[in-house]
Amino acid sequence: MMPPRTVQYRKNTLCSRLNTNIIYDGFMSIPPAIDYENIFLRSPVGMCVSQNRIIQACNEALAKMFGYAREDLIGKSLLVLYPTPDEFERTGQRITPIMNAKGSYSDERIMKRANQEMFWCHVIGRSLVPNDPHAAGIWTFEDLSAKRPVTAELTPREREIAALLVEGKTSKLIARQIGLSPRTVEMHRAKLMRKFSAATSSELVHRLVGVTSNEH
């Protein structure tokens with residue numbers, strides 16, 4: 001005679017999963033169910049899912065990092081996380097060809113909290129729709145402010161160039177990537193060197209990433 005079996009189907013907002021309870025001769029075996037929604041919400045890394053650059057879901061770590069209530073971010077444009085609309089637009093344009101080629105993107109950039117505080121953030125994204133990177137994607141955000149504080153007031157263009165300098169890009173490559181002349185990029189680099197009291201380009205990069213002169 002076959003033992004009785006009960007099968008229970010449960011759904012949550014992020015996935016459908018099967019949870020089967022099997023009873024044999026009075027003993028119950030309950031296979032562990034993976035609660036993907038809870039994993040997403042409680043992940044220690046800030047995460048969000050976007051469609052056309054609109055936040056469709058985000059977790060508690062992301063909301064706390066940027067200083068919002070989680071429900072206040074749902075349905076909002078990713079623009080609210082950027083220092084300016086111009087930086088939001090330029091970053092979106094820069095991401096597109098890289099996402100199309102690789103399917104993923106990462107950088108370190110200055111973002112903005114709800115209280116207007118600027119902070120360095122490591123951002124990684126993966127497109128969920130091939131050849132249409134902004135259609136749908138999943139993004140992670142890591143707050144770097146503890147080891148890399150923003151110690152100078154920068155213009156939007158200086159923030160953009162600072163982020164690319166941290167990636168190790170030359171003035172010529174930066175100019176090509178953001179559509180400026182190499183001379184203009186050098187001008188912004190010189191302003192950054194003055195603001196960070198850096199004598200050389202190498203020292204500037206060390207200051208940008210939070211390394212002091214005693215550490216190198």
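How many cavities of 30 Å³ or more does the structure hold? The structure holds three. The model is predicted, with local features requiring pLDDT of at least 70 and side-chain atom pairs counted only at pLDDT 80 or more, whereas totals for chains, interfaces and linings use all residues. Residues are numbered from 1 along each chain as its sequence is written, and side-chain values use heavy atoms, without hydrogens and water.

**View 1. The largest cavity, with a volume of about 120 Å³.** A cavity is a set of points on a 1 Å grid over the protein atoms alone where a 1.4 Å probe fits but cannot get out, and its lining residues have an atom within 4 Å of a point. The volume is the space filled by probe spheres set on the points, which are joined across faces, edges and corners. Of the 15 lining residues, Arg53, Leu78, Tyr82, Ile95 and Trp139 are the closest to the centre of the largest cavity. Two or more lining residues come from each of β6 (104–112) and β8 (137–143), and β8 gives the most, with three. Strands are DSSP runs of E with at least two residues, helices are runs of H or I with at least four, and both are numbered from the N terminus. The lining comprises 10 nonpolar, three polar and two charged residues; Ala, Val, Leu, Ile, Met, Phe, Trp, Tyr, Cys and Pro count as nonpolar, Asp, Glu, Lys and Arg as charged, and the others, Gly among them, as polar.

**View 2. The second largest cavity, with a volume of about 110 Å³.** Its lining residues include Tyr82, Glu87, Arg90, Arg109, Arg159 and Glu160. The elements that contribute two or more residues are α4 (85–102), β6 and α5 (156–166), and α4 supplies the largest share, four residues. By class, the lining of the second largest cavity has three nonpolar, one polar and six charged residues. Domain 1 (44–149) and domain 2 (151–215) each provide at least three residues to this lining; the domain bounds come from an automatic or database domain assignment.

**View 3. The salt bridge between Glu108 and Arg148.** The closest N and O atoms of this pair are 2.7 Å apart. A salt bridge requires a side-chain nitrogen of Lys or Arg within 4 Å of a carboxyl oxygen of Asp or Glu, and the count comes to 14 salt bridges.

Technical notes
1 Å grid on protein atoms, 1.4 Å probe; cavity = no way out; pocket = protein on both sides within 12 Å on 5 of 7 lines; lining within 4 Å.
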